[in-house]
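Have the picture open while you read.

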Amino acid sequence: MRRILLTAAATALAAVTGLAAAPAGAATVPPASAASSAASSDAPGAVAGQGGWEAWPTSASDLPAGSRCDFPVHLEPVVDEGQRRVLEYAPDGTTVRRAAFRGALVLRITNATTGASYVADAGGRAVVDYRPDRSQTWHAHGPVLLGVGPNGGNLPRDLYLVDGVYTIDIGSTGYKTLTLRHGSAEPLCAKLA
């Protein structure tokens, strides 16, 4: 899921759908289940795990035809209450090694050619471990939207609504490996065709 790969300015949604490559230590993972907002003191140099939750919004994004579905897809948050809390920094005090995500997230997924759409609850919870080589592992519970590109993971190219208890390993090249402990991975492109 390098929730799928991102740039520093990219959103959690971009991470899931695979729009760009995430910098090392960047916490670019989708937010997860509902909770109230709290002020954050998790800033570089802060003691990891001692701060609060910070808002972690998801921006609308577009995926070109062939990248996930046979047609272009527009993703837009309908409910966006995502939050992040840094749990551990690297010894440099600025690079995030581990972060938790939570908060309600509902996405409208639209076939940009026909206008057909599907509304998905993607508000699961996750703890994400980041490694210096830009790889990451998501330890997740609940629903999340996962985009897999051509030859980009252990699932075929598609957008998936993954739910249950699972891990997503994203290699340094962006290859995504979903391991379901309990749950399902529902492909969504066919619902939008």
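Leaving out neighbours within four places in sequence, Tyr166 is in contact with Trp138, His139, Ala140, Gly142, Pro143, Val144, Leu178, Thr179, Leu180 and Arg181, where contact means heavy atoms within 4.5 Å.

Before going on, a word on ground rules. This is a predicted model, where local features need pLDDT of at least 70 and side-chain atom pairs count only at pLDDT 80 or more, while totals for chains, interfaces and linings use all residues. Residues are numbered from 1 along each chain as its sequence is written, and side-chain values use heavy atoms, with hydrogens and water left out.

A nonpolar core here is a set of buried Ala, Val, Leu, Ile, Met, Phe, Trp, Tyr and Cys residues joined through side-chain atoms within 4.5 Å; buried means under 20% relative accessible area, exposed over 50%, and partly exposed in between (1.4 Å probe, protein chains only).

Now zoom out. The chain holds two helices and twelve strands; helices (H or I, at least four residues) and strands (E, at least two) are DSSP runs, numbered from the N terminus. Along the sequence the pattern reads α-β-β-β-β-β-β-β-β-β-β-β-β-α. Of the 193 residues, 50% are buried. The chain exposes about 8000 Å², and carbon and sulfur atoms supply 54% of that, going by the Shrake-Rupley method with a 1.4 Å probe (for residues, only the protein chains shown count as cover).

How do some of the strands line up? Two strands pair if DSSP finds at least two bridges between them, and here are some of the pairs.

| Strands | Bridges | Direction |
|---|---|---|
| E11 and E12 (residues 176-187) | Eleven bridges | antiparallel |
| E2 and E3 | Three bridges | antiparallel |
| E3 and E6 (residues 105-111) | Seven bridges | antiparallel |

E11 and E12 form a hairpin with five residues between them, and Gly174 in the turn has a positive phi of about 95 degrees. Elsewhere, Asp62 stands opposite His74 in E3, and Val79 has Val106 in E6 as its bridge partner.

How many disulfides does a search of the whole structure find? It turns up one: Cys69 and Cys189, with sulfur atoms 1.9 Å apart (the cut-off for a disulfide is a pair of cysteine sulfur atoms within 2.5 Å). The pair links distant parts of the chain, 120 residues apart, with Cys69 in the loop between E2 and E3 and Cys189 in helix H2 (residues 189-192). The torsion about their S-S bond is about -80 degrees, so the disulfide is left-handed. Both cysteines, Cys69 and Cys189, are buried.

Ser67 sits in the loop between E2 (61-63) and E3 (73-80). Is Ser67 buried or exposed? Buried, because its relative accessible area is 15%. Its side chain reaches the backbone oxygen of Pro64 at 2.7 Å. Not counting residues up to four places away in sequence, Ser67 touches Val148, Gly149, Pro150 and Arg157.

Technical notes: A polar contact is a pair of N or O atoms within 3.5 Å; within protein, one must be able to donate a hydrogen and the other to accept it, and residues adjacent in sequence count only if both atoms are side-chain atoms.
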